[in-house]
Amino acid sequence: MKRIQLFEFEDYKWFPSWLRTCMTNLIMVLHRMMGLSEVLAYLIARVLQEKGLSKIVDLGSGSGGAMPEVLKALHKIDGLQQVELVMTDLYPNMEVAKRFNENSEDKISYLETPVNATELHSAPMGLKTMVNSFHHMPPEAARKILESAVQSKQPILIYEMAENKLPTIIWALFLPFGLVILMLMTLFMTPFVKPLTWRQLVFTYLIPIIPICYAWDGQASMPRIYSFDDLDELLQGLETPDFYWEKGFAKKGNGKNAGTYLVGYPKN
């Protein structure tokens, strides 16, 4: 397997939730700049329409992530204006959950009870999504998630905004340069964060904790992403006549690659 198990600060329970939220804010800025909400909306719309679904259950939502913006893009597609989004996490962020659950008009809710992605039978019904989070799972857990989808006959869509295509030795050699580039990027992206808090500003420009953590997690995530060959290895024995799997490159409207995806759902 090409993927290697490095650590990311966001993996640890001791990592402050406010700092995790600040880093997620930067990822959301990058999503908007790259137009990835529309890319994801197109991928998800295909499955919703194919299976006649009207609910998305996001796994590993953390402090919100990309799916609220994706839902807005989905609602612009004919026939999908009533699609609902349920966000879940193994360790739900109660502050974020309260904020989303206070507004029922946006068709977004955040489940306040834990949801384990390896036990999908206990999750609400609907299309399961994992956006930029599957690479956090070690191979054993990643395999269990895919097994759980098959066993519980749950549709699932996994998306990663990057691709693990560089040889590991090349990634390691250029790591110092990559870290510097990402740290500089945070300085330029921070003014576009919504909402922009004092913590986001102070710990970016005065005490640069956010740039350091964001840069490392961004670089460490690259070799952690499952390549297509890795996914084939994880899927061994799960490609049955009753369950459909498809993997490929997500595409922008201009035909350029915009990340990778794996989608699976029961045929009947």
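Guide: Start with lysine 247. Setting aside neighbours within four places in sequence, lysine 247 is in contact with Phe228, Leu231, Asp232, Tyr261 and Leu262. Contact means heavy atoms within 4.5 Å.

Visitor: What kind of model is this, and how are residues numbered?

Guide: This is a predicted model: local features need pLDDT of at least 70, side-chain atom pairs count only at pLDDT 80 or more, and totals for chains, interfaces and linings use all residues. Residues are numbered from 1 along each chain as its sequence is written, and side-chain values use heavy atoms, with hydrogens and water left out.

Visitor: Why is lysine 247 called partly exposed?

Guide: Its relative accessible area is 32%. Buried means under 20%, exposed means over 50%, and partly exposed is in between (1.4 Å probe, protein chains only). So lysine 247 counts as partly exposed.

Visitor: What makes the link between lysine 247 and aspartate 232 a polar contact?

Guide: Their side chains are joined at 2.7 Å. A polar contact is a pair of N or O atoms within 3.5 Å; within protein, one must be able to donate a hydrogen and the other to accept it, and residues adjacent in sequence count only if both atoms are side-chain atoms. Lysine 247 and aspartate 232 are 15 residues apart in sequence and 9.4 Å apart in space, C-alpha to C-alpha.

Visitor: Where is lysine 247 found?

Guide: Lysine 247 is in strand β6. Strands (E, at least two residues) and helices (H or I, at least four) are DSSP runs, numbered from the N terminus.

Visitor: What makes β6 an edge strand?

Guide: Look at the sheet first. Seven strands form an open, mixed sheet in the order β3-β2-β1-β4-β5-β7-β6. Both β3 (108-110) and β6 (243-251) pair on one side only, as edge strands. Two strands pair if DSSP finds at least two bridges between them.

Visitor: How do you know that β4 and β5 pair?

Guide: Four bridges join β4 (residues 127-131) to β5 (residues 156-160). At least two are needed, so they pair. The two strands run parallel.

Visitor: Why is α8 called roughly perpendicular to α9?

Guide: Helix α8 (residues 198-206) and helix α9 (residues 209-224) pack at about 80°, with axes 5 Å apart. Axes are lines fitted to C-alpha atoms, for helices over the stretch in contact, and angles run from 0 to 180 degrees between N-to-C directions. Under 35 degrees is roughly parallel, over 145 roughly antiparallel, 65 to 115 roughly perpendicular, and the rest oblique. So α8 is roughly perpendicular to α9.
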